[in-house]
Amino acid sequence: MSTPVVPRLTLNNGVTVPQLGFGVYKVDAADTERVVSEALEAGYRHIDTASAYGNEAAVGRAVTASGLARDEVFLTTKLWNDEHGNARDAARRSLDALAVERLDLYLIHWPAADQDLYVTAWRALETLVDDGLVRAIGVSNFQPAHLERLLADTDVAPAVNQIELHPYLQQAELRQLHARHGIVTGAWSPLGRGNVLADPTVAALARKHGVSPAQIIVRWHLQLGNTVIPKSVTRERIRSNLDVFSFALDGPDLARIDALGVHEQRFGSHPDEVRADKKL
């Protein structure tokens with residue numbers, strides 16, 4: 001397979017992000033350097049990690065070992081719930097772990113609204129941009145009420161809201177809110193933790209296009225305009241998830257997948273139920 005050219009989306013501050021990235025959620029630190037190295041070799045240029053994953057240092061080692069210039073790899077990491085009152089120090093620890101001088105995108109991982117510190121954390125993230133330590137800032141798992149409060153009480157709109165999003169959970173209300181405010185929708189668990197792969201509609205579309213069910217779903221995300229970060233620890237799937245630029249879904253295809261949104265089924269936690277003391 002030749003190295004694909006992944007489209008880039010322009011964030012609301014002018015920074016561009018590769019639309020298709022590689023996630024390392026629940027990838028053991030002992031395996032992370034290998035799988036990130038394989039992803040970079042395959043052509044991924046957007047790596048998504050988090051302090052809570054415990055594998056930032058391994059991501060950093062893989063990026064360094066790749067020989068790629070720093071500006072060729074877009075690095076996203078996240079602020080954990082118990083660091084909302086200490087975001088600047090937490091960001092510096094992530095920088096040190098990743099062995100980089102600047103993050104490309106830094107997200108508040110969950111609103112953890114029970115402690116009511118996400119606005120405080122956001123203001124600290126704004127200073128990280130001012131100081132040149134972070135290129136863009138955003139959030140993850142924020143519901144409309146959380147976003148509306150940030151937009152009303154702070155100076156910078158999030159560049160991204162990364163949310164659980166897949167054909168069984170399409171989050172139409174949030175995506176519409178994002179569109180109104182220039183916020184890019186990021187999709188985590190884009191394959192529904194594998195639960196959507198056996199869906200008959202997805203399987204039929206895979207047969208129609210001669211690709212895998214996972215490729216159908218990744219392609220659907222791209223055509224919606226989301227950033228999407230599938231994960232895998234196997235070389236074949238790492239490469240397959242990136243090989244989605246030789247076909248396109250037509251209008252009827254998209255409508256068939258859109259119809260699966262009636263499920264509204266989460267496979268991860270609901271943001272309103274995630275407390276500050278949540279363990280990953």
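Visitor: Which residues point one way from β9, and which the other way?

Guide: This is a predicted model, in which local features need pLDDT of at least 70, side-chain atom pairs count only at pLDDT 80 or more, and totals for chains, interfaces and linings use all residues. Residues are numbered from 1 along each chain as its sequence is written, and side-chain values use heavy atoms, with hydrogens and water left out. Strands (E, at least two residues) and helices (H or I, at least four) are DSSP runs, numbered from the N terminus. From β9, Val184, Gly186 and Trp188 point one way, and Thr185 and Ala187 the other way.

Visitor: Which strand do 5 bridges join to β9?

Guide: Two strands pair if DSSP finds at least two bridges between them. Strand β8 (residues 160–164) runs parallel to β9, joined by 5 bridges, and Asn161 stands opposite Thr185. Strand β10 (residues 227–228) is also parallel to β9, with 2 bridges; there Ala187 faces Val228 as its opposite residue.

Visitor: At what angle do α2 and α3 pack?

Guide: Axes are lines fitted to C-alpha atoms, for helices over the stretch in contact, and angles run from 0 to 180 degrees between N-to-C directions. Helix α2 (residues 56–66) packs against helix α3 (residues 87–98) at about 45 degrees, with axes 7 Å apart.

Key
Buried means under 20% relative accessible area, exposed over 50%, partly exposed in between (1.4 Å probe, protein chains only).
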